[in-house]
Amino acid sequence: MMTSAAPGVSAAGPAGLRGQLAELDEIRARALAGPGETATKAQHAKGKLTARERIELLLDAGSFREVGQLRRHRATGFGLEANRPHTDGVVTGWGTVQGRTVFVYAHDFRIFGGALGEAHAAKIHKIMDMAVAAGAPLVSLNDGAGARIQEGVSALAGYGGIFQRHTRASGVIPQISVMLGPCAGGAAYSPALTDFVFMVRGTSQMFITGPDVVRAVTGEEITHNGLGGADVHAETSGVCHFAYDDEETCLAEVRYLLSLLPQNNREAPPRVVAGDLAERANDVLLDLVPADGSRPYDMARVIEEIVDDGEYLEVHERWARNIICALGRLDGRVVAVVANQPQVLAGVLDIEASEKAARFVQMCDAFNIPILTLVDVPGFLPGVGQEHGGVIRHGAKLLYAYCNATVPRISLVLRKAYGGAYIVMDSQSTGADLTYAWPANEIAVMGAEGAAGVIFRRQIAGAEDPEAMRARMVKEYRSELMHPYYAAERGLVDDVIDPARTREILVRSLAMLQTKHADLPSRKHGNPPQ
């Protein structure tokens, strides 16, 4: 017996299916077009791309597969029931970057200002869950006005679900936040929970309370960019890892970063065929680094000389510039570099440098990236501000990060390595797998001048010529306890090497350590200093 089709549904058969497909194509076309040309022109007028244009730049051509394109909100009140656009203001899905799977969600500022509502949040939750299940990186393209006020507490609950998923995915898959518009209030905590934050100058801002609230509460006058723009977070707060002048460059650099990261915490970073000889000599290092420990030099040039083809990606380049954190390659293998920068504050460790390096070391350990530490450190920065700011607590973060890391760890002392800063910078006693030093190394509790002043203060004070006595005692201390082979003789350095062979030795050491396996004690989690 034949039955009639349900109301509103075309009859089965070729003609009916074609009609339904035509209807589907029309709906998809509307969803792809968004709210219209006027809204798109307004977005472009602000110097910003649309969500779909951004996804096209991020992913390999033709690889994007959208999820939830037909999703619409079900909220009522305040006119919402009459405005139910498809996608609900966020485009979600997956694609590839250099052939490897990447999940992405992108706020569409043209729809509800990119504000997050219940359906909007549910789409993000789903794509985050999919990324963890598939073991692939997650990239968020942020351009939203925060919670959708018309939906009330349901919108806030959506943020809670995002925060919880970021936390559970931390150290499991790489998470990258790209700030391409405003991000205010509680929404700013989403990028803060991820591994890397990119920003674009002039168009992206992040803050908990905006300029109007700041003015009302404190009386301070400040612009949106002055309060939370890209340069502020790249140079002052340290919230932003990378800042660029335009979206195209920014998204190209996101692709480059992804090429240096593994898909998840169970894989190694991708290795490439190196175009640079593993045994390439580094004769330039003999003249680049002065033997006189008081003379500065640019550690960035040392890194450039060592890594493949001189290419590396510096993280937090403009914040805490007295330490360098970078990702590069040695013989095609990804390696992380942590290095003191003698050109800035003589390369001392301080509160911000310790925080920057600690976070970087933890990220590398989570994602199986070997760590090379280049040491030229005179100590921790002294001062009342540092002590009252908690330099003990913050310095301990870097110490904890190194001691807790199980990835291959190689340290190289170029010149100075004094006091507690020497121990913190991945010394052998904290678990470095291999420790090398150049012939100009000075590994000691403190510099010879300071040490002689403490040990021989009575002899110096009672001498007929105190300055001559001081100079003699400094020379004696240096010859006894600070000669280049003192640490090697006591097993604290594995070898003193020719600087010109640095790359060759590091490449061979890293190759040997690729099969390293180390287990931590069974525990729920550690309790690192905060």
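## Pockets, salt bridges and cysteines

The lining of the second largest pocket is made up of 10 nonpolar, 5 polar and 4 charged residues. Keep in mind as you look around that this is a predicted model. The space in this second largest pocket comes to about 340 Å³. It is lined by 19 residues, and those closest to its centre are Ala268, Asn368, Val407, Pro408 and Gln514. Two elements, β12 (333-340) and α13, each give at least two residues to this lining.

From there, helix α13 (351-366) leads us on to the largest pocket, where it is among the elements that supply two or more lining residues. The largest pocket holds about 1,600 Å³ of space. Its lining counts 49 residues, and if you want to find the centre, look for Ser170, Ala358, Arg359, Gln362 and Met363, which lie nearest to it. Alongside α13, the elements that contribute two or more residues are α5 (153-169), α6 (189-192), β7 (196-200), α9 (230-237) and α15 (391-404). The largest share comes from α13, with 10 residues. Sorted by class, the lining of the largest pocket has 26 nonpolar, 14 polar and 9 charged residues.

Now let us turn to the charged side chains. Side chains of opposite charge can pair when their charged atoms come close. In this model the count is 27 salt bridges, and a few of them are worth a visit.

Start with Asp331 and Arg271, whose side chains form a salt bridge with an N to O distance of 3.1 Å. Asp331 sits in the loop between β11 (323-330) and β12, while Arg271 belongs to the loop between α10 (247-259) and α11 (285-288), so this pair ties together parts that are 60 residues apart in sequence. Arg271 is partly exposed, its relative accessible area being 47%.

The next stop is a pair between two strands. Asp376 and Lys416 meet in a salt bridge at 3.0 Å, N to O. Because Asp376 lies in strand β13 (residues 371-377) and Lys416 in strand β14 (residues 409-418), the pair ties together parts that are 40 residues apart in sequence. Asp376 and Lys416 are both buried.

Arg409 and Asp426 are both buried. Elsewhere, salt bridges with shared partners join Arg201, Asp231, Glu235, Asp245 and Arg318 into one network.

What about the cysteines? A disulfide is a covalent bond between the sulfur atoms of two cysteines. Cys183 counts as buried, since its relative accessibility is 6%.

Terms used
Residues are numbered from 1 along each chain as its sequence is written. This is a predicted model: local features need pLDDT of at least 70, side-chain atom pairs count only at pLDDT 80 or more; totals for chains, interfaces and linings use all residues. Side-chain values use heavy atoms; hydrogens and water are left out. Buried means under 20% relative accessible area, exposed over 50%, partly exposed in between (1.4 Å probe, protein chains only). On a 1 Å grid over the protein atoms alone, a cavity is a set of points where a 1.4 Å probe fits but cannot get out, and a pocket is an open set with protein on both sides within 12 Å along at least five of seven lines; lining residues have an atom within 4 Å of a point. Grid points are joined across faces, edges and corners, and a volume is the space filled by probe spheres set on the points. Helices (H or I, at least four residues) and strands (E, at least two) are DSSP runs, numbered from the N terminus. Ala, Val, Leu, Ile, Met, Phe, Trp, Tyr, Cys and Pro count as nonpolar, Asp, Glu, Lys and Arg as charged, and the others, Gly among them, as polar. A salt bridge is a side-chain nitrogen of Lys or Arg within 4 Å of a carboxyl oxygen of Asp or Glu.
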